Amino acid sequence: GQYMQIREFDKDDLSSVYDLIQNTIDISYNKVYSKEAIEFFKAHHSLEHILDDADNGNTIIAEREGELLGTATLFGSNIRRVFVSPRYQHSGVGKLLVQDLEKKASSKQLTVVDLEASLSSKIFWESLGFIVREEDHVPVRNNRKLRYYKMFKTLQQ
């Protein structure tokens, strides 16, 4: 009964995807980001943004026996909103989600995909062959900065 499947996002998944993302931000980002940056991330990954990206891009989810393990989105050439439940991180779920999106990108004749990586996810992305183009930041409350990496990967044709 350990079979995991990856499938397309459905509108009925919205609240569980939102909860997974908000919870994962709380748990996974608190060691590397200020509370102001965490507030920014949580506001950015709103119900509206999740739904809008699913409507205009490709959002997929990984689940096992009805339990949501992770989610990922391809929007144009941009990979975004890749989140895996803290309980299932480092178990290959994120890698499978990203490989699925890379296949979708290749089928759309894209040769390069790009993303913005959090400080806590940079090592994960590098392990999948993504390269840092530059480090950047967004200003957040109280003169804090939310630092992140702009990364890209050339897809095998």
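Reader: Is His 90 buried or exposed?
Author: His 90 counts as exposed, because its relative accessibility is 85%. Here exposed means over 50% relative accessible area, buried under 20%, and partly exposed in between, with a 1.4 Å probe and protein chains only. Please note that this is a predicted model, in which local features need pLDDT of at least 70, side-chain atom pairs count only at pLDDT 80 or more, and totals for chains, interfaces and linings use all residues. Residues are numbered from 1 along each chain as its sequence is written, and side-chain values use heavy atoms, with hydrogens and water left out.

Reader: Where is the place of His 90?
Author: His 90 is in the loop between strand E4 (78-84) and helix H4 (93-107). Helices (H or I, at least four residues) and strands (E, at least two) are DSSP runs, numbered from the N terminus.

Reader: And what is phi of His 90?
Author: Phi of His 90 is near 65°, a positive value in a residue other than glycine. Most residues other than glycine have a negative phi.

Reader: What about phi of Glu 65?
Author: Glu 65 also has a positive phi, near 50°. This residue lies in the loop between strand E2 (58-64) and strand E3 (67-75). Glu 65 counts as exposed because its relative accessibility is 66%.

Reader: Turning to helices, at what angle do H1 and H2 pack?
Author: Helix H1 (residues 14-28) and helix H2 (residues 35-44) pack at about 165°, with their axes 10 Å apart. Axes are lines fitted to C-alpha atoms, for helices over the stretch in contact, and angles run from 0 to 180 degrees between N-to-C directions. The two helices are therefore roughly antiparallel to each other, a term for angles over 145 degrees.

Reader: Which residues make the contact?
Author: H1 contributes Gln 22, Ile 25 and Asp 26, and H2 contributes Ile 38, Phe 41 and Lys 42. Contact means heavy atoms within 4.5 Å.

Reader: Which residues of H2 are buried?
Author: Glu 36, Ala 37, Ile 38 and Phe 41 are buried in H2. The buried residues of H2 pack against H1, E6 and E7.

Reader: In what sense do E6 and E7 pair?
Author: Strand E6 (residues 131-140) and strand E7 (residues 144-154) pair in the antiparallel sense over nine bridges. Strands pair if DSSP finds at least two bridges between them. Val 140 has Arg 144 in E7 as its bridge partner.

Reader: How many residues are between them?
Author: E6 and E7 form a hairpin with three residues between them. In the turn, Asn 142 has a positive phi of about 60°.

Definitions and conventions: Parallel < 35°, antiparallel > 145°, perpendicular 65-115°, else oblique.
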